[in-house]
Amino acid sequence: MQAGAHMVKLEGGGWTVPVVRHLVERGIPVCAHLGLTPQSVHALGGYRIQGRDESGAERLLREAKELADAGAAMLVVELIPSDLGQRLTENLPIPVIGIGAGPGCSGQCWCCTTCWA
């Protein structure tokens, strides 16, 4: 933050929830990132659509709600089905920015959306 950053981005759910809460309690804004997470792409089996089946979609919905409840200011979702992007947007109190996540998100990352199109 001292170097000029406005926000910290953390990838993943589950274990990141307490970290998000810890940072937010100390005045550091957090952007959460779910779906395809580039820093752990190999653990996900490569560049694959995430949340395709209902159990995967429910997991992402649960993790997104936990991150929002922990204080994340926004959520980036990458390479997920468009209907899931819309469900997340409709069910979260924070903006949802899609990267290859369909038009139902609060906003789009234009540079990556063209890559995944």
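The buried residues of H2 make their packing contacts with H1, S2, S3 and helix H3 (82-91); buried denotes under 20% relative accessible area, exposed over 50%, and partly exposed in between (1.4 Å probe, protein chains only), and contact denotes heavy atoms within 4.5 Å. The model is predicted, so that local features need pLDDT of at least 70 and side-chain atom pairs count only at pLDDT 80 or more, whereas totals for chains, interfaces and linings use all residues. Residues are numbered from 1 along each chain as its sequence is written, and side-chain values use heavy atoms, with hydrogens and water left out.

The buried positions in H2 are Gly56, Ala57, Leu60, Leu61, Glu63, Ala64, Leu67, Ala68 and Ala70. H2 comprises 17 residues and reaches 24 Å from its first C-alpha to its last, close to the 24 Å expected at 1.5 Å a residue, the expected span being 1.5 Å times one less than the number of residues. Glycine 71 follows H2 and has a positive phi, near 115°.

The secondary structure of the protein comprises 4 helices and 5 strands, taken as DSSP runs numbered from the N terminus (helices H or I, at least four residues; strands E, at least two). Along the sequence, the pattern is β-α-β-α-β-α-β-β-α. The 5 strands form an open sheet with parallel pairing in the order S1-S2-S3-S4-S5, where pairing requires that DSSP find at least two bridges between two strands. Strand S1 (8-11) and strand S5 (107-108) are the edge strands, each pairing on one side only. Strand S2 (residues 30-35) pairs with strand S3 (residues 74-78) in the parallel sense over 5 bridges, and cysteine 31 stands opposite methionine 74 in S3. Helix H1 (residues 16-25) packs on the sheet against S1 and S2, its direction making about 170° with that of S1. Helix H2 (residues 54-70) likewise packs on the sheet, touching S2 and S3, at about 175° to the direction of S2. Axes are lines fitted to C-alpha atoms, for helices over the stretch in contact, and angles run from 0 to 180 degrees between N-to-C directions.

Residues up to four places away in sequence excluded, valine 77 touches Leu34, Leu88, Val96, Ile97, Gly98, Ile99, Ala101 and Cys105.
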